[in-house]
Amino acid sequence: MMMKTQRHRQILIWLLTSFFILSGCSSSEELSFQKATEKQASKEYTEALVIYEQLIARDPKNKIGLQSTREAAKLSYFETKNYQQAAKFYKSLILFSEDQKERLESQEKIASIYFDHLTDYNLSILEINRLLGMQLDPSKKIEYRIKLARAYFYLNNFFQSESEVRELLKNNISSEQKLDLLILLGNIFLARKDLNSAASQFREIVSLYPEKAHQDNIGLSLAVCYEELKDYGNAIKILESIKSKHAFPEYIQLRIKRLQERQKNQPGARG
């Protein structure tokens, strides 16, 4: 097993270094790159990244500089999980790579870094809009516009988030995407305290997607709307309907009991 791993490392080093033999790069750069690949193969990622960065600083546009950027981006993203550093390398690829597909994939990685990993929604919006300005498959554009709508929601920009959702719902989208957007729209109404609209939206979801509504706890969201509206009777009915299937039925029962107490204390209620 150890011999097999060592053989794989040798193959990786040979593949990466042989690419540059006739590239016109200096022998010192080739030796440095080979050393970096050896460090990478032995999982000495910090040391490998230091060497890659030195090579990139010398010339980010030549073959070794570009390949160093690619390797550094992958190491930062997949191995060290240093997403800020990974974004820097992917931005360099966008600037200096002549491969349009690589530039597009790098921009996709940057958008994913800020949205999924760093949860920096202001920068997510900026990078997703840059991505949407590049050549993208229509289905990919839908995916990223959904992320855009979510980013606006997380920033409490409910007006812009709702605008994005309503535009997206006009498109030919999958059933799963439609469900995600309807849930987001319901959450927008709930966050804005537009409780009647939120309740109406969640009722529609329960009607159209009963199984998914159960999985996504839409019944609880609907019960919250009724509770906020002081419609305790309907809130209790919803909770009773989901209790048996819920992961924590005891929790649902406690909520029902609390609502029943509040219902008894309402003006005009009979003791």
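Biologist: What should I know before I start?

Modeller: This is a predicted model, in which local features need pLDDT of at least 70, side-chain atom pairs count only at pLDDT 80 or more, and totals for chains, interfaces and linings use all residues. Residues are numbered from 1 along each chain as its sequence is written, and side-chain values use heavy atoms, with hydrogens and water left out.

Biologist: How many helices and strands are there in the protein?

Modeller: Helices (H or I, at least four residues) and strands (E, at least two) are DSSP runs, numbered from the N terminus. Here there are 15 helices and zero strands.

Biologist: How do I read a nonpolar core?

Modeller: Take buried Ala, Val, Leu, Ile, Met, Phe, Trp, Tyr and Cys residues joined through side-chain atoms within 4.5 Å. Buried means under 20% relative accessible area (1.4 Å probe, protein chains only). The largest core has 37 residues; Val165, Phe202, Ile205 and Leu239 touch the most other members. Helix α10 gives the largest share, eight residues. Another core, of 24 residues, lies apart and includes Phe33 and Leu75.

Biologist: And the largest pocket?

Modeller: Rolling a probe the size of a water molecule over the atoms shows where empty space is left. On a 1 Å grid over the protein atoms alone, a pocket is an open set of points where a 1.4 Å probe fits, with protein on both sides within 12 Å along at least five of seven lines; lining residues have an atom within 4 Å of a point. The largest pocket holds about 260 Å³, filled by probe spheres set on the points, which are joined across faces, edges and corners. Its lining has 15 residues, and among the closest to the centre are Val206 and His214. Helices α12 (210–215), α13 (218–228) and α14 (232–243) each give two or more.

Definitions and conventions: Buried < 20%, exposed > 50% of the residue type's maximum accessible area, 1.4 Å probe, protein only.
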